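Colleague: I would like to learn how to read a few features of a model. Please start with charge.

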Amino acid sequence: MTEQHAPRRKERRRKPPFFQRPWVVAAVFILPFLVLYGVFRVYAVGYAVVLSFQDIQGIGVTDWTGFSNYRRLLSDSTFFLALRNTALYTAGTLLVLIPVPFVLAAVLQSKLIARPVALRSAFFLPVLTSLVVVGVVFSLLLTTNGLVNSFLGLFGVPAQGWLETRHLAIPAMIIMATWRWTGINIIYFTTGLSNIPKELYESASVDGAGPLRRFWHLSVPLSKPIILFVTVLTIFGGFQLFVEPLILWGGGGGPGQGGLSVVMHLYRTAFTSFQLGYASAIGVVLALIIMAVSLITLKLFGFFKKE
């Protein structure tokens, strides 16, 4: 009996100290993330939902108002104008920042370019530039006598008031987004294209498929997951539009509110008008819109289909 219990006692003695046990070490590394995520994500989102049902009168003075903030939102013309501007900006960035970087990534991935790494680095450099600096530079480039109008003048296009005309506010921000985010999307698409087996391209070439047919029938369908990923990221970025109009028009909504975004409207409602309850309702509705658009996008790409 004593000999049978002896190995068990030895096993108990061999157990590592408490702080060296695998699950304790894992918990130590994961716990800071969980705490920060819980405080700045879960708690913040939950608190915003609670605030959206309240009317904040001052510090610690609140009144429960039920759905009055949401009913007010339905009759807020400024919110719908901001939502329209945000949707147009998001659609514009999707039309530009998906096909253009994908084609550029395919060209850089092919053997047509002598120094693809140098070109990728050149395209990626704007991503590293501070958005404040980008905004200041583009506020100069988009002036009536700026470089953009000078370039368009080479093709006979008259000078445009990019920052003074209402209907040009969204195109001006799309130009800035194109310059800034094309490089990072090229990196994403290059990663997806590099995972396609080269044997498929070689087999297609043997069967007589040209570069365009190989691109359309191999590169595009086999890059579907990365295209979906970049599309969802672009939707998130589009609906979170804030810094660009803040810099270009100094916190305003641009000419005739043509550059007013939903997040900018939320910011002004919360920190200029100090209507925190109503601003929280705007934030909750915006989150629901982003979630709905993302789910529709995933559905269109067949994300929920069983293989």
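Modeller: For charge, Lys and Arg count as positive and Asp and Glu as negative, while His and the chain ends are not counted. The place of a charge is NZ of Lys, CZ of Arg, CG of Asp or CD of Glu. Here the mean positions of the 25 positive and 11 negative charges are 7 Å apart.

Colleague: What should I know about the model itself?

Modeller: This is a predicted model, in which local features need pLDDT of at least 70, side-chain atom pairs count only at pLDDT 80 or more, and totals for chains, interfaces and linings use all residues. Residues are numbered from 1 along each chain as its sequence is written, and side-chain values use heavy atoms, leaving out hydrogens and water.

Colleague: How many helices and strands does the protein have?

Modeller: Helices (H or I, at least four residues) and strands (E, at least two) are DSSP runs, numbered from the N terminus. The protein has 15 helices and two strands. Its radius of gyration is 26 Å, well over the 19 Å that the globule rule gives for 307 residues, so the protein is more spread out than a compact globule. That radius is taken over C-alpha atoms, and the rule is 2.2 Å times the number of residues to the power 0.38.

Colleague: Which residues of α6 are buried?

Modeller: Buried means under 20% relative accessible area, with a 1.4 Å probe and protein chains only. Of the 307 residues, 35% count as buried. In α6 they are Pro116, Arg120, Pro126 and Val127. Their cover, by contact (heavy atoms within 4.5 Å), includes α5 (99-109) and α9 (169-194).

Terms used. Buried < 20%, exposed > 50% of the residue type's maximum accessible area, 1.4 Å probe, protein only.
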